[in-house]
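Here's a quick briefing to keep beside the model while you look around.

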Amino acid sequence: MACAGKHLIVEVWGCKGEFLDSPKKVEEMLKESVDVSGATLVDIKTHKFNPQGLSAVALLNESFMSIHSWPEIGYAAIDIYTSAPHVDLEKVIPVVKKYLKPKKIQVLNLRRGEITK
């Protein structure tokens, strides 16, 4: 069966709060994630919350990657979606582990818009 897109939902716990609260470091992680996946970066936007936490979105030619962080509890929610068959979402997981060094990670791999013929 074909599908309209692939979607990885990644949850990480036990990460260092300093990293999760740094727009610069999160942006570095997103750029490397885009590179290793084979996607094409259009732009990255980050928003820092007060007193802590951030959201960042990497807009791709092939869709998006996003992260929302809660540094105070060492947690982040990451979403990666693409409709392009050449983008390898699984290659992003080692990059996330390298940067965030989570104590626990959960990955949900979804096929979106299953097409039956």
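Let's start in helix H2, where glutamate 27 and lysine 31 sit four residues apart, about one turn of the helix. Helices here are DSSP runs of H or I with at least four residues, strands are E runs of at least two, and both are numbered from the N terminus. Keep in mind that this is a predicted model: local features need pLDDT of at least 70, side-chain atom pairs count only at pLDDT 80 or more, and totals for chains, interfaces and linings use all residues. Residues are numbered from 1 along each chain as its sequence is written, and side-chain values use heavy atoms, with hydrogens and water left out.

**Salt bridges**

- Four salt bridges turn up in the structure; the term covers a side-chain nitrogen of Lys or Arg within 4 Å of a carboxyl oxygen of Asp or Glu.
- One of them joins glutamate 27 to lysine 31, with 3.4 Å between the closest N and O atoms.
- Glutamate 27 is partly exposed at 25% relative accessible area, and lysine 31 is partly exposed at 39%. For these labels, buried is under 20% relative accessible area, exposed is over 50%, and partly exposed is in between (1.4 Å probe, protein chains only).
- Glutamate 32 and lysine 98 also meet in a salt bridge, 2.8 Å from N to O. Glutamate 32 belongs to helix H2 and lysine 98 to helix H3, so this pair ties together parts 66 residues apart in sequence.
- Aspartate 43 pairs up with lysine 45 at 3.6 Å, N to O. Aspartate 43 is partly exposed at 35%, while lysine 45 is exposed at 58%.

**The sheet and its helices**

- Six strands make an open sheet, ordered E2-E3-E4-E5-E1-E6, with antiparallel pairing. Two strands count as paired if DSSP finds at least two bridges between them.
- Strands E2 (41-48) and E6 (104-115) stand at the edges with a single partner strand each, so one side of each has no neighbour in the sheet.
- From one strand to the next, the twist averages 10°. Axes are lines fitted to C-alpha atoms, for helices over the stretch in contact, and angles run from 0 to 180 degrees between N-to-C directions.
- Helix H2 (residues 23-37) packs on the sheet and touches E2, strand E3 (54-60) and E4, its direction making about 155° with that of E2. Contact here means heavy atoms within 4.5 Å.
- Helix H3 (residues 92-100) packs on the sheet too, touching E1, E4, E5 and E6, and its direction makes about 15° with that of E1.

**Strand E5**

- E5 is mostly covered, with eight of its eight residues buried. Tyr75, Ala77, Asp79 and Tyr81 are buried on one side, and Ala76, Ile78, Ile80 and Thr82 on the other.
- E1 is joined to E5 by seven bridges, running antiparallel; alanine 77 in E5 is the bridge partner of glutamate 11.
- Eight bridges connect strand E4 (residues 63-70) to E5, also antiparallel; here serine 69 has alanine 76 as its bridge partner.
- The hairpin of E4 and E5 has four residues between the strands, and glycine 74 there takes a positive phi near 70°.

**The aromatic cluster**

- The whole structure has four aromatic pairs. Rings of Phe, Tyr and Trp (its six-membered ring) pair if their centres lie within 6.5 Å; planes under 30 degrees apart are stacked, over 60 edge-to-face, and the rest tilted.
- Tryptophan 13 and tyrosine 75 have ring centres 5.7 Å apart and planes at 45°, so that pair is tilted.
- Tryptophan 13 is in strand E1 (residues 2-13) and tyrosine 75 in strand E5 (residues 75-82), so the pair ties together parts 62 residues apart in sequence.
- Tryptophan 70 and tyrosine 75 are tilted as well, because their planes are at 45°, with centres 5.3 Å apart.
- Together, ring pairs link Trp13, Trp70 and Tyr75 into a cluster.
- The charged end of lysine 104 sits over the ring of tryptophan 13, 4.5 Å from its centre. That label needs NZ of Lys or CZ of Arg within 6 Å of the ring centre and within 35 degrees of the ring normal.

- Most residues other than glycine have a negative phi, and most peptide bonds are trans.
- The peptide bond from asparagine 50 to proline 51 is cis, with omega near 15°, and proline 51 is in the loop between E2 and E3.
- Serine 63, in strand E4, has a positive phi of about 145°.
- Lysine 101 has a positive phi of about 45° and is found in the loop between H3 and E6.
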